[in-house]
Each structure stands twice: as C-alpha cells, then as structure tokens.
Amino acid sequence: MEVYTVTVATGTSEYSGTNNYIYVTLVGEKGESERTLLDNPGLDFCRGAVDEYKVCSPSRLGSVLLVRLEKQRYWVEDNWFCRYVTVKPPDEDRVLTFPCYRWLIGDIKVELREGTGTAHTGCPGGIAASCPVILKIYLRGVTNALTVLTSPPTVALSPTATYTTALFHCNHIVYKTVLYLFNQEYCMEHWKEDWFFGYQCLNGSNPRMIQRCKQLPENFPVTADMVQGSLYPRTNLDKELKAGNIYLVDYAIMEEIPVNVIRGKPQHIAAPLCLLYQHPDQGLIPIAIQLGQVPGLDTPIFLPKDPPLAWLLAKIWVRHSEFQIFQVLSHLLRTHLVVEVFCVATLRQLPAVHPVFKLLAPHLRYTLEINCRGRTQLISADGIFKRVVSTGGDGLLILAQREYKVLTYRSLQPCLDFHDRGVSQLRDYFYREHSLMLWEAIHGFVSGMIRLFYQSDSEVLQDPELQAWIKDIAEEGFTELPSFGLSSELRTRDELSTLLAVAIFISTAQHAATNNGQFDWCAWVPNTPCTMRHPPPTDKDAITMGMIMDTLPDVSQSCVEMAITWHLGRPQPDAVPLGQYTEQYFTEDQALELIDTFRKELKKIEEHILSQNEGAELPYLYLLPSRIENSITI
C-alpha cells in the first residue's frame, strides 16, 4: 500500500468553510487511489484552514495527473471554497500543487490539473479535464455599500438655509469627510478659477477626452479676436494652433440625448464644445465655450471676458456634461463593462490551471458582482441615477450605446490613445505620465509571464483553449463592432501580451484614475453637478446668481450626488493593492520571480509619484500603486 500526503486549503473569505463531506481521489498515469473521505479529529475545512490527510493507493500511481474532489451534503447544503490541493508522493521530496480557487456548490465532483501553468496546445494524449466554472468565485458574500443609497437622505434645514449650508448638512458622513480630505476643500476654494477648470480636464475623473486641436471645428466659429485677450502677448490663435498649444473637449455625444424627468420636472442637457489654451504661465485654461453643437444667436460663444457670472455658468455646464461622461462612459462602459467581457470569457473558456486564467483571475475579483449591483441599483429604471442624474433612464442607455459603437481596441491602449489625441506636449498631465509608467510595468510583467509559458508564437496559435477565449472576447463580448480592431485569433505572444496588459491596466490603473477621485471633484456639487434644472443660457447679460442657483441641483439631488460619489470612490475595506496576490495561483519559481520584479517596479513608481508630489499644492495620487486596487470592486 502506497501512502500519499494530501493537503487541502480552504478559502479565507467569509463562509468559505463547510461541514459537508469531502472526498478525494488521486488519478495517476498507472491508476487511481482509493476514494478517501477527508476526516480528521475535530473540525475540517474551516475558513482559512490548511488540513493534511493520508490517501492510500494499492500501488504506485506514477505521475499524478489529476486530483478528483467530491462534495456531498451532510444534513444541510453548505458551500465550500477550495483554494488548492497539494500532493506529496511517498518517498519523494517534491510536492505537486493543484490549484482550485473556486466554490463547490451542491453535490459536485471536480477534477483539478496540476498547477504548472502549462498551456493546452492540443497535443495527442492530452487530458480533457472537467473544469466546471462557478461564478461565485468572483462574488462577495457580504452586502455592498450601494445598498445604503437605496433610500434618500433625510435633510432637516431651515427655510433660510443657504445652498452651501444645505450641502454641508445633507449627509453627516460626507460632511465630516469634506472637512478632513484636502482635495474637496481645495476644490471648494478654487472651483471658479480657470486654471483649476483646465487642471480637471487633465487630471480629474475624465482625463481621456482632451485632444489637440489642429483646426477649429466648423460648428465652433471662434475668431482670433474673441480669444486674443486670453493668449500670451505677441502671439495669436493661428500661431498657437500650429504650435500645438490649443486643445479641444467636444461633448457632441451628448447631442439630443433624452432628458430625465425628476419628480415631474424635466431636467436639461447640453452638448458643449470647449476650447483650451496651454498658457506659458497659467497652465491649461479654457478660452471659449459653446453650449451646443449648432452655432447661432441662441447658442452664443462664452468667453473669459464676458460678465463673470456668464462665464461661470458656461463652465458649470461643461462640468455638468463631464459628470455624465465620466460616470457613464469613462467609468461604467470603458472600465466595468469592458473588463466584464474578459471576465465572462475567462470563466467560460479557460480552466483554472491555464496560465492566462491564473494571470487574470486576481484582476477579475468581485467585478461581476459590482456590475450586477450597478445594473440593478444605479442605472436601472428605478435606480439612483434615475432619481438625480439628468441622463438617468433612457438617456443613460443611449449615451452608452453611442460610445460603444465607436469604441476601439486601440483607444484602450494608453500609449496609442495619448498619441492619437495629440497630448504628448501637455504639461502637468500627471494622468498621462503615471499611466504610461504603469502600462510599461504591467506590459513588461505580462510579457515575461507569457514568454515563460509559451516558448514560441506557434504555441499561442495552437492553444485551443486560448483561441476559444479570444473568439469569445471578440465575437461574443465586443459584438457588432466592425471597427473595434481586435482579431478573433491570437497569432503571436506579443498580441497576447498586449491584450492581457490591456485587461489588467483597465481593471486596475484606468479604473482607479476614473473612480477614485470622483468625490474630490463632486463633493462640492457646483463644480460637477449631476443634473441641471434649467436650460442653457442664451443671453450672456441676463445671467444672475439666482438663475445659477435655480439651475444647479436642488438640496435633495445634491445630497444623493455627494453620498453616491463618496460611496463609489472610497477605498474598499478588503481592497487588495495592485501587484499583491492573496491567492498563490502560480507556484513556479520563475513565475514568482517575475511577480517579485513586478512589485519592485511598482515600488519605484510609487517612490517617483510620492517624490513628485512632495510639497505640491494639489497632489495627484490616484495612480499611486498602493492606492490602486487589483480589480474593479466598486
């Protein structure tokens, strides 16, 4: 009788343990072991436990190919999360690791391949292991903070309370947060200033729309005389256009989006064009704003030399469009929903032992759950956005559909996106600088991993599981996008490395850049209002403070905006920072060395960003690696 030492590790999250019966069978090239009930004295399979057992076989199994796990109900159904199983053959020092990292639900049998991460290249005699996928591997077992927002906040204010007083009394938690978080207070003090407006185009929650303007759009008839006063002495608009110092943010995608109706009152939307100038002394500043796509008497061009309230309201309208774009497009569509495509394809097409599965798994944690919650609690017909956001309801879906139709794979790659937008000369574009550093670190890490497990391009092409995965992504995920630019076949290691780097970059750095600062820019609601209650102005001289106050969100809407951006942007209590892996999917020494090198690169980036921001009046820390989550969890 041969005795094998088997170790079984239970998950560390809540409810991972089980009281059900667990059986194991070892499958080798020369036969199978006895089907063994795993039962030590005391409690087995408690949360976080690593239990050791002896499994007998009538004879030597040869190379152990599979570990067969079975779970059977004992009294009541009790799900179990298994991290991994290790097997130590008799009289040998080596230990084989069989990764699982999945929930076993109901009476179920699973077979685990040994975790060397070998890609399946369709070789004769390959094992067709059964790898059922349980989506719960990526779900929380606890209630998400979004449920807090399903009831409107209670506000008790006197009839004479000012807008400012209302904002700071509407939510006690948010109020206290504003007092001790630097950026919100700084925003409240500087939100009217032109340089601060420009700074947010570069480093706010929507830093991906600004682009170099080589020629003024035909529907934006700005003349040289209009903006001459905003330019540096001894220059003009034509010279600055040629020098690459004029930039444009165009919200044409907002044109004719259906408006939301809140408490019986239609809200209002604009589709602005905003021209900006990189001033040698003042930084990036707005120099002209048109609040519609069709110029005319009712769509004037607002300028810094206009009456101060007129120029302020024009900027507020642009920032209102910013709220819609960054929440629905930059945040929801271009991070959450894009990563969901990778998540579903990975769960459907790749076994847990596949190196691509193991590489992506930590970056897909909780994403399906938070996306489901977003659909039901944020953007549903009776969700939070319907209650307080001007594009809530049908408008939100139409806006997302428009962006999806023009989405390209190229735009998801930061190095190409910055090049295509012509923004390499922009100063103080910290989002660009930090993104490129992180992209290089992630891409280098992924490339090393792919070259470790695929020795040639032909191995990529001949991996049927990998080809099924990319086909799922290209044809099922990014469906009906003839111009998306992603092939349904992976031919080289470089193609695979870039695609994986895109998925990891979006689920980590890109999401952090869009999500983590939203409360900073939205807590002072006039800086980024969620809705507008009156239409855009048509007469510059008729604008009063009363008109601005009546246009901005009311107290109730402001309360919800503050609460939701705080909840969505706050650090999660169980956050895992970028590059930290709580589950050891890889066991190979070379893979572990690559992970260690990746962490060292992230540490260098962290030190650079901290040094760069030391003493800064307005620090940019959203892409600090220690503040970037390993996956989209909120």
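I began with the lining of the largest cavity in this predicted model: helix 7 (308-349) and helix 9 (367-378) each contribute at least two residues to that lining. I noted a volume of about 190 Å³ for the largest cavity. Its lining comprises 16 residues, with His-331, Leu-332, His-336, Gly-374 and Leu-378 nearest the centre. I sorted this lining by class and recorded 10 nonpolar, five polar and one charged residues.

I then turned to the second largest cavity, which holds about 130 Å³ of space. Helix 12 (414-421) and helix 16 (493-515) are the elements that give two or more residues to its lining. Among the lining residues I listed Arg-208, Arg-334, Asp-417, Tyr-431 and Gln-510. By class, the lining of the second largest cavity divides into six nonpolar, three polar and three charged residues. In total, I noted six cavities of 30 Å³ or more in the structure.

Next I looked up salt bridges and recorded a count of 28. In helix 9, Glu-369 and Arg-373 are four residues apart, so about one helical turn separates them. Their closest N and O atoms lie 3.0 Å apart in a salt bridge, and both residues are buried.

I also examined the salt bridge between Arg-493 and Asp-457, with closest N and O atoms 3.6 Å apart. This pair joins distant parts of the chain, helix 16 and helix 14 (residues 457-461), across 36 residues. Arg-493 is buried at 17% relative accessible area, whereas Asp-457 is partly exposed at 34%.

How values were computed:
Residues numbered from 1 in each chain as written. Predicted model: local features only at pLDDT ≥ 70, side-chain atom pairs only at ≥ 80, totals over all residues. Heavy atoms only, no water. 1 Å grid on protein atoms, 1.4 Å probe; cavity = no way out; pocket = protein on both sides within 12 Å on 5 of 7 lines; lining within 4 Å. Points joined across faces, edges and corners; volume = space filled by probe spheres on them. Nonpolar A, V, L, I, M, F, W, Y, C, P; charged D, E, K, R; others polar. Salt bridge = Lys/Arg side-chain N within 4 Å of Asp/Glu carboxyl O. Buried < 20%, exposed > 50% of the residue type's maximum accessible area, 1.4 Å probe, protein only.
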